[in-house]
Amino acid sequence: MHRSCVAAASAALLFCGAAHADTIQIQSDNAASSNSTSFGGFTGTATYNDLGGGMAEFILSLTNTSQFNGKLVALAFDSAAGTSGWTFDSGASSGLSGDWGNLSGSINTQPFGSRSHGASTTNQWEGGGNPNTGLAVGETGTWVFTGSGDASVSAADFLAPNGGQ
């Protein structure tokens, strides 16, 4: 089973009362995602919302654009500098079929190294579970993660190597 890696990304959902919000456009590296070892492709947005009081959201809204009819079954990212404790919030997420759950700790995202936070249709990056529960080509899903952070953080900070730390 092959998986697409998302180093960091988020959805363009803005919530009332956010002390600071930042959204950027993201897409997969199609050159790296069009070979026999990596079948994924996506476009979307990454959003960081500072909710005040030390609370924050990181939201990924992705459309699966795989050219190989592959399903997106996991994603992972590192904390941006100045943030911590990211947990997948399945209740706030949308457009996801199957049973997506939280990934945390040292997530082995080979061949992309390792990441510290994410979500998966199984309890791991690779293996186990039915890949048909993932996000199909043409479908859009929104993954919401909650954690701590402040107004100095931007969505792009999550995309920096090791979260810019």
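Analyst: Two strands pair if DSSP finds at least two bridges between them. Strands are DSSP runs of E with at least two residues, and helices are runs of H or I with at least four, numbered from the N terminus. This is a predicted model, where local features need pLDDT of at least 70, side-chain atom pairs count only at pLDDT 80 or more, and totals for chains, interfaces and linings use all residues. Residues are numbered from 1 along each chain as its sequence is written, and side-chain values use heavy atoms, leaving out hydrogens and water.

User: How do you know that strand 1 and strand 2 pair?

Analyst: They are joined in the antiparallel sense over eight bridges, and the definition asks for at least two. In one of them, Ala21 has Asn49 of strand 2 as its bridge partner.

User: What makes strand 1 an edge strand?

Analyst: Five strands form an open antiparallel sheet in the order 1-2-3-8-5. Strand 1 (20–27) and strand 5 (84–88) each pair on one side only, so they are the edges.

User: Why is Thr47 called buried?

Analyst: Buried means under 20% relative accessible area, exposed over 50% and partly exposed in between (1.4 Å probe, protein chains only). Thr47, in strand 2 (residues 42–52), has 0%, so Thr47 is buried.

User: What makes the Thr47–Thr23 pair a polar contact?

Analyst: Their side chains come to 2.8 Å. The limit is 3.5 Å between N or O atoms; within protein, one must be able to donate a hydrogen and the other to accept it, and sequence-adjacent residues count only if both atoms are side-chain atoms.
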